[in-house]
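Here is a short briefing to read alongside the model. Have the viewer open and follow the residues by number as you go.

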Amino acid sequence: WPRSLAENQISNKGAKALARSLLVNRSLTALDLRSNTIGPQGAKALAEALKINRTLTSLSLQSNMIKDDGARSMAEALASNQTLSLLHLQKNSIGPAGAQRMAEALRQNRSLKELMFSSNSIGDGGAKALAEALKVNQGLESLDLQSNSISDAGVAMLMEALGVNQTLLSLNLRENSISPEGAQALAHALCINSTLKHLDLTANLLHDQGAQAIAVAVGKNHTLKSLHLQWNFIQASAARALGQALLLNSSLTSLDLQENAIGDEGASAVASALKANTALTALYLQVASIGAPGAQALGEALAVNRTLEILDLRGNAIGVAGAKALASSLKINSSLRRLNLQENSLGMDGAICIASALSGNHGLQHINLQGNQVGDSGARMISEAIKTKAPSCTVKM
C-alpha cells in the first residue's frame, strides 16, 4: 500500500525511524516524503534500508536538501536494489558529483523506470555522466532533467546516447540553455532513435534556426508522439518548417507551440498541414500572436480535418472575424472535443457566433470563452444558449 508523508517536517531523525521500519515492512509499495528536511543523513539511512527492502517500488524525496552526499547514498542503494522503479529527487541541490554517482548506479541497475532529477544543478558534467550511463542502461524509460543548467555540450552527449539507447521513452529538457547548436544534435538523434515518444524542450533558446532543424528531423522520425516547443523564440519560418514536417510525419499526436510569436503566417502554415495530416490530436497555440487570418486558416483546416481533438488558442486576438470563421467550421467538424478561445477579443458578437454554431456540432465537449468582454449578463445568456443547443458541451464563461 502507498503512504504519503509529504510536508510533515520530517528531519533526518524521522527518516532514520522510517528506515528502520522499511527493513522489516513487507507491504509498503510507495513512500512519499516530498518537502521535508531529511537531508543527506536521512537519505543515507533510507538508502541503507533500500539495500535490503524488496517491496518498495516508488520513493519521492523531492525538496529534501539531500545534496550530493544524499544522492551518493541513493546511488549505492540503486546499485543493488532491484525493485524500486520510480525515484523522485527533484529540488535537492544535487550537483555534477551527485549526478555522476547516480549515473554509475544506472550502469548496473535494471529496475528503475523513472528518474526525476529536475531543478538541481547537474550541469553539462552531470549530463555527460548520465549520457554515458544511458548507453548501457536497459531499464530507464523516463528521465526528467528540467532546470539543470544544461547547455549545448551536455545535450550533445545526451543525444549521442539516444543514438544507442533503445529503452528511453520520455525526456524532459525544459528550462535549460539549448541553443540552435544543441538543436542540431537533437535533430540528428531524432533521425536515428526509434524509441523516444515524448520530448519536452519548453523554455530553451532554440529560435527559428534550431526549431527548423528539429522540424526536418520530425519529418523523418516515426515514433515521437509529443513535442513541446513552448517559449523558444520561434517565428513564422520555423512554423512553416513544422507544417512541412506534419505533412510527412504520421506519429506525432501532440504539438505545443504556445508562447512563440508564429503569427498569422505561422498559424496558416500549420493549419494548411492539418488538411492532410491524420495523426495530430492536440495543438497548443496559446499566446502565439494569431489574429483573424490565422483563425480563418485554422477554420478551413477544421472543416476537413477528422483527427484533431484539442485546439487551444487562448491569449490570441482572433476577434469577431476569427470567431465567425471558426464557427462555420464547427458546424461541419465532428472530431474536435476541446476548444479554448479564452482572451481572444471575441466580444459579444463573436461569442454568440460560436455559441450558435454549436447546435450543429455533436463532438465538442468543452469550450472556454472566458475573458472575452461579454459582461455578466451576456455570459449568462450565452451559457444558457449553449446548454440548450449543445447539452453535452461544458462551457466556461
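A nonpolar patch on the surface is formed by Leu23, Val24 and Ile52, which together have about 280 Å² of accessible area. Please keep in mind that this is a predicted model.

**The surface patch**
- Ile52, one of the patch residues, sits in the loop between helix H2 (39-50) and strand E3 (58-60).
- Ile52 counts as exposed because its relative accessibility is 52%, and exposed means over 50%.

- Setting aside neighbours within four places in sequence, Leu56 is in contact with Leu22, Leu28, Thr29, Ala30, Leu31, Leu50, Thr83 and Leu84.
- Ser85 is 29 residues from Leu56 along the chain, and their C-alpha atoms are separated by 8.6 Å.

**Asn64, a buried polar side chain**
- Asn64 is placed in the loop between E3 and helix H3 (67-80).
- With 0% relative accessibility, Asn64 counts as buried, because the cut-off for buried is under 20%.
- A polar atom of the Asn64 side chain lies 2.8 Å from the backbone oxygen of Leu33.
- The backbone oxygen of Leu61 is 3.2 Å from a polar atom of the Asn64 side chain.
- Not counting residues up to four places away in sequence, Asn64 touches Leu33, Arg34, Ser35, Asn36, Thr37, Ile38, Gly39, Lys91 and Asn92.

**The nonpolar core**
- The largest nonpolar core contains 129 residues.
- Leu46, Leu87, Leu115, Met159 and Leu283 have the most contacts inside this core.
- For Leu87, the residues touched beyond four places in sequence are Leu59, Met74, Leu78, Met102, Leu112, Glu114, Leu115 and Met116.

- Leu313 lies in the loop between strand E12 (310-312) and helix H12 (319-330).
- Leu313 is counted as buried because its relative accessibility is 0%.
- Its contacts, leaving out residues up to four places away in sequence, are Leu285, Gln286, Ile290, Leu298, Leu326, Asn340, Leu341, Gln342 and Asn344.
- Leu248 is 65 residues from Leu313 in sequence and 24 Å from it in space, C-alpha to C-alpha.

Notes. Residues numbered from 1 in each chain as written. Predicted model: local features only at pLDDT ≥ 70, side-chain atom pairs only at ≥ 80, totals over all residues. Heavy atoms only, no water. Patch = residues over 30% accessible without salt bridge, like charges linked within 9 Å, V, L, I, M, F, W, Y side chains within 5 Å. Areas by Shrake-Rupley, 256 points an atom, 1.4 Å probe, with all protein chains shown as cover. Salt bridge = Lys/Arg side-chain N within 4 Å of Asp/Glu carboxyl O. Helix = DSSP H or I, 4+ residues; strand = E, 2+ residues; numbered from the N terminus. Buried < 20%, exposed > 50% of the residue type's maximum accessible area, 1.4 Å probe, protein only. Polar contact = N/O pair within 3.5 Å; in protein donor to acceptor, adjacent residues only side chain to side chain. Contact = heavy atoms within 4.5 Å. Core = buried A, V, L, I, M, F, W, Y, C linked by side-chain atoms within 4.5 Å.
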